[in-house]
Amino acid sequence: MIVALSYVIAIILTIALAILLYPISAFFWVLGLLGRISDKLFVFTNRAIKSLWKDIRNDNQNTVNQWVCSCGATNSGEFCSKCGKTNTVTEALEVSEDAE
């Protein structure tokens, strides 16, 4: 009789603990899952921002000041590569190297 009663008490305690602790553990499991998702979102956002700024820096580095000589040649130095005249144009044209 005592053994049967101890089994009943053990079953009741197990059910009570399960009812009490499973929702708490599920809550912390969901928080952990949200934490992992937010970590992945942070990494993705950080990579996207770094990529954006890298592209902006590359665009700025690829832009050179060019000018058009009276002979029609487009140049980036002080002298015309076609006729040898000096740069008399006061405004420099901004032309990307990709457009050439």
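**Entry 1: contacts and overall layout**

I looked up contact range in this predicted model. In the protein chain, 32% of the contacts with a separation of 6 or more come from residues 24 or more positions apart. I then read off the secondary structure, which comes to one helix and three strands. Along the sequence, the pattern is α-β-β-β.

**Entry 2: burial and surface**

I checked how much of the protein chain is covered. Of its 100 residues, 6% count as buried. The chain exposes about 8600 Å², and carbon and sulfur atoms supply 66% of that area.

I next searched for nonpolar surface and found a patch of about 1200 Å². Its members are Leu17, Leu20, Leu21, Ile24, Phe27, Phe28, Trp29, Val30, Leu31, Leu33, Leu34 and Ile37. I took Leu17 from this patch for a closer look. Leucine 17 lies in helix α1, which covers residues 2–62. Leucine 17 counts as partly exposed because its relative accessibility is 48%, between the limits of 20% and 50%.

**Entry 3: tryptophan 67**

I turned to strand β1, residues 63–68, where tryptophan 67 is placed. Is tryptophan 67 buried or exposed? Its relative accessibility is 3%, so tryptophan 67 counts as buried. I also took one C-alpha separation: tryptophan 67 and glutamate 78 are 11 residues apart along the chain, and their C-alpha atoms are separated by 9.3 Å.

**Entry 4: asparagine 75**

I located asparagine 75 in strand β2, which spans residues 74–75. Asparagine 75 counts as buried because its relative accessibility is 4%, and the cut-off for burial is under 20%.

Which residues does asparagine 75 touch, not counting those up to four places away in sequence? I listed Asn65, Gln66, Trp67, Cys69, Cys80, Ser81 and Lys82. The list includes Trp67, the buried tryptophan of the previous entry. For Ser81 I noted a further detail: a polar atom of the asparagine 75 side chain lies 2.8 Å from the backbone nitrogen of serine 81.

**Entry 5: confidence**

The protein chain averages 80, and 82% of the residues score at least 70. Among the elements, α1 has the highest mean pLDDT, 86, whereas strand β3, residues 93–96, has the lowest, 48.

Key. Residues numbered from 1 in each chain as written. Heavy atoms only, no water. Helix = DSSP H or I, 4+ residues; strand = E, 2+ residues; numbered from the N terminus. Buried < 20%, exposed > 50% of the residue type's maximum accessible area, 1.4 Å probe, protein only. Polar contact = N/O pair within 3.5 Å; in protein donor to acceptor, adjacent residues only side chain to side chain. Contact = heavy atoms within 4.5 Å. Patch = residues over 30% accessible without salt bridge, like charges linked within 9 Å, V, L, I, M, F, W, Y side chains within 5 Å. Areas by Shrake-Rupley, 256 points an atom, 1.4 Å probe, with all protein chains shown as cover. Salt bridge = Lys/Arg side-chain N within 4 Å of Asp/Glu carboxyl O. pLDDT = per-residue confidence, 0-100.
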